[in-house]
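Reader: I'm new to this one. Could you show it to me and then take my questions?

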Amino acid sequence: MSSRSGSAREYETSDRSPALSAFPPVPESSETEAEGLIFYHMDLYGSKERFDIFPEELTGQEDRSLGDTRKESALSSEKFQRSQEAGYDLEKEVAELAKMYGLDEDREKELELLGGHLEMVESRWPPARTEKAGSHGSIYNASKSSSPMKDQSQSTKQQGLPGEASQDEEENKARAEDKAESHIGSGEGLSSSGMSDEWNSQAVSEEEAADVFCSTCKMPIRAFDKLFGEHKDHEVSQLPSAVESEKEEIHKNMCKLEEQIAQMENFASHLEEIFITVEENFGRQEQNFEVHYNDAVQVLARKYEEQLEALGEEKRQKLEALYGQLVSCGEHLDTCKELTDATQELYLENDKANFMKAAVTMVDRLEEFLKKEVDLELSTLPDFEERVIDFSEVEQLMNSINTIPAPCAPVINPQAPNTATGTSLRVCWGLFSDDTVECYQLCYKPVSNERHSDEQAEHTLKVKETYCTITNLLPNTQYEFWVSALNASGISPPSEKAVYVTAPSPPTIKNKKIRSCENAALVCWESRDINPVDSYTVELSKLTDEENGDTITESIVGIPNCEVLIHLQPTQSYRICIRALNLGGSSERSEPVLIHTTGTYFCLNEDTAHPLLAILDDGFTIACDELENPECDLPVYDNSFTRCIGILGSLIPFPGKHYWEVEVEEDTEYRIGVAFENTPRHGYLGANNSSWCMRHIITPSRHKYEFLHSGMTPDIRITTPPRRIGILLDYENCRLSFFNADIAQHLYAFNSHFQHYVHPCFALETPGILRIHTGIAIPPWTALP
């Protein structure tokens with residue numbers, strides 16, 4: 001006990017500074033560790049009796065260690081006093097403490113230190129410890145207890161060390177140190193009351209701040225309450241994360257609220273539209289009632305007038321009949337009175353002779369008068385015929401008041417693409433109102449550019465739906481359509497007229513005008529429609545040699561004219577079809593044609609043939625039977641040869657090399673070669689600068705061959721007359737070559753620049769036959785050096 005009190009007195013003489021033994025000397029932490037000072041975990045918030053853990057008697061070693069500790073505490077107190085005078089930074093000190101004890105890894109524990117749970121700690125200490133030293137001691141102990149996991153790990157490591165004696169010795173040192181600090185704190189309490197008040201006020205203000213959120217209670221709490229308070233077993237989360245979560249939840253609710261606002265605004269707009277619609281419907285129904293009421297009143301007035309007129313006519317007839325009968329009765333009565341008076345006067349006559357004369361006449365008159373029958377029955381009855389008024393029309397009008405009004409005019413849609421065939425159209429329309437419609441009346445007629453187009457026959461159909469497919473139409477023809485809506489109340493006004501067009505008819509490919517080579521083909525066709533089409537589509541399929549017959553299909557679209565140049569692959573076979581297109585849709589496929597790209601293929605132009613020249617059925621054999629009158633009077637075309645018995649083949653519009661052969665007879669004179677389109681028809685082939693040809697002439701001595709261009713020919717002798725002549729046209733090298741195909745012999749070659757594409761040309765100078773062979777692959781022996 002004496003050693004403890006002496007140490008206490010020694011500590012009290014150190015400038016009465018606050019007892020900072022509760023704060024480890026941070027700057028001299030290395031010295032403390034060097035001297036063996038170790039801190040242990042302890043519960044600061046237990047009872048007072050738990051702090052009395054120091055034994056009454058300490059060994060000499062414990063006294064020496066305690067003395068050293070007190071000296072270090074005194075030095076720390078002096079440093080703290082100087083730091084307090086210079087302006088003490090609590091947060092910086094707490095940060096250094098957290099770094100020393102490993103609390104910087106746990107942000108929640110650091111918040112506990114900064115929160116300053118001093119009031120709770122001080123409330124558990126005795127009143128004597130609420131001064132300055134006591135407050136510092138509580139902060140120090142709180143710093144040690146704020147990291148229970150670290151202290152527990154340290155204690156676990158110490159338990160794992162060998163030697164129970166060393167462990168007990170270190171624990172006794174720690175208890176002695178805590179006991180001394182508690183006494184020092186109680187001795188220095190009065191001298192540091194001013195600073196204690198400042199720290200207590202700071203602790204109280206920081207105690208009220210919540211730093212975590214309790215998910216169980218849905219409220220922010222202090223971390224201290226989670227560790228030791230009523231929220232110990234509750235689930236908590238960091239306050240910033242809880243704030244973010246709550247903000248996110250509020251944002252979601254705000255989004256939902258905005259959606260509801262948008263929905264309500266839309267609903268309000270819809271209500272406004274319905275309100276306007278109700279007003280419009282009311283006006284329409286009011287007008288409908290007024291119209292029906294006026295109609296019913298008019299019908300009733302007409303019925304009344306008709307019945308009243310009939311009743312008046314019947315009255316007139318009755319009165320006329322009665323009046324006539326009354327007049328007749330009066331006349332008869334007057335006659336009776338006159339006869340009575342005359343008879344009475346005759347009866348009073350005294351002269352018998354006069355009596356007898358007058359009596360005979362009177363008797364005759366009486367007999368004649370009495371012979372007349374008197375009609376004493378009424379000619380008509382006073383009662384009138386019971387008339388029943390027919391109110392069926394009025395009832396129908398009255399019943400229609402409670403039904404629906406006549407519908408508004410429909411709106412017909414413009415024609416959609418690909419909704420027509422060559423003979424049918426699909427027409428669509430709509431009714432943009434709430435009127436009830438029982439059916440629609442669709443009318444149409446063809447559009448004509450003639451003046452009397454209004455006289456075209458109109459067709460009418462009744463349709464239940466808002467669409468209809470009309471059949472049995474003409475291909476590629478425009479039709480006008482309009483539609484009306486019907487219900488029990490009547491028919492609507494007609495819609496505006498819309499023009500629809502049917503799809504075109506399939507084109508017809510001109511087989512005789514098809515030209516091809518190894519790399520391309522020129523296909524021509526004609527449209528069977530009177531009206532023009534928008535474009536054409538060429539569909540080609542490459543035929544394969546496989547047994548399953550698979551084809552590779554390609555399409556060339558948007559062709560404006562009736563011909564197209566197609567690039568193909570050599571030595572292939574293609575099937576080609578044409579479709580015509582307009583706004584209505586696509587026509588059916590044309591009849592297919594086959595094209596082979598084994599060589600150049602062309603036909604003969606019949607409109608260029610001389611009248612004496614005949615083309616046989618195969619289309620590639622020309623013949624001439626007689627030459628008596630080459631300039632005959634047979635009908636000729638404007639483009640026909642008139643002097644030379646010749647013909648042109650189709651134009652060869654493909655660059656590159658082209659080859660064909662002509663089979664000739666030995667005794668036939670002929671001219672074969674190429675010519676421009678504008679070569680003169682009244683001259684001979686080879687005699688001008690627009691044609692190049694090989695000529696065969698039979699002389700008495702030999703067969704003579706000439707190669708003519710502008711009438712000039714080289715001196716060339718051919719010993720073996722060719723029976724099959726090959727012609728090679730090379731646009732790129734500006735060369736026209738002739739070959740004896742039977743023996744692969746080169747005969748002659750023209751080197752000339754062809755400014756335009758050329759036509760093959762053929763002519764006969766004696767009766768005979770020429771057979772032309774096209775679509776032949778270029779033989780390898782035609783290659784010239």
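Author: Let's start with a term: a residue is buried under 20% relative accessible area, exposed over 50%, and partly exposed in between (1.4 Å probe, protein chains only). This is a predicted model, where local features need pLDDT of at least 70, side-chain atom pairs count only at pLDDT 80 or more, and totals for chains, interfaces and linings use all residues. Residues are numbered from 1 along each chain as its sequence is written, and side-chain values use heavy atoms, with hydrogens and water left out.

Reader: Is R724 buried, partly exposed or exposed?

Author: R724 has a relative accessible area of 24%. Buried would need under 20%, and exposed over 50%. So R724 is partly exposed.

Reader: Which side chain does R724 meet in a salt bridge?

Author: A salt bridge is a side-chain nitrogen of Lys or Arg within 4 Å of a carboxyl oxygen of Asp or Glu. (Strands, E, at least two residues, and helices, H or I, at least four, are DSSP runs numbered from the N terminus.) At 4.0 Å, N to O, the partner of R724 is E663.

Reader: How far apart in sequence are the parts that E765 and R695 tie together?

Author: The side chains of E765 and R695 meet in a salt bridge of 3.3 Å, N to O. E765 sits in the loop between β31 (759-764) and β32 (768-773), while R695 is in strand β26 (residues 691-698), so the parts they tie together are apart by 70 residues.

Reader: E706 and K704 form a salt bridge too. Which residues make up the network they belong to?

Author: That bridge spans 3.4 Å, N to O. E706 is buried at 10% relative accessible area, whereas K704 is partly exposed at 31%. Salt bridges with shared partners join these two into one network, whose members are R671, R695, K704, E706 and E765.

Reader: What does P220 touch, leaving aside its neighbours within four places in sequence?

Author: P220 is in strand β2 (residues 219-221) and counts as partly exposed, at 45% relative accessibility. Contact means heavy atoms within 4.5 Å. With those neighbours set aside, P220 is in contact with A210, V212, F213 and L239.

Reader: And where is L257?

Author: L257 is partly exposed, at 41% relative accessibility. The place of L257 is in helix α12.
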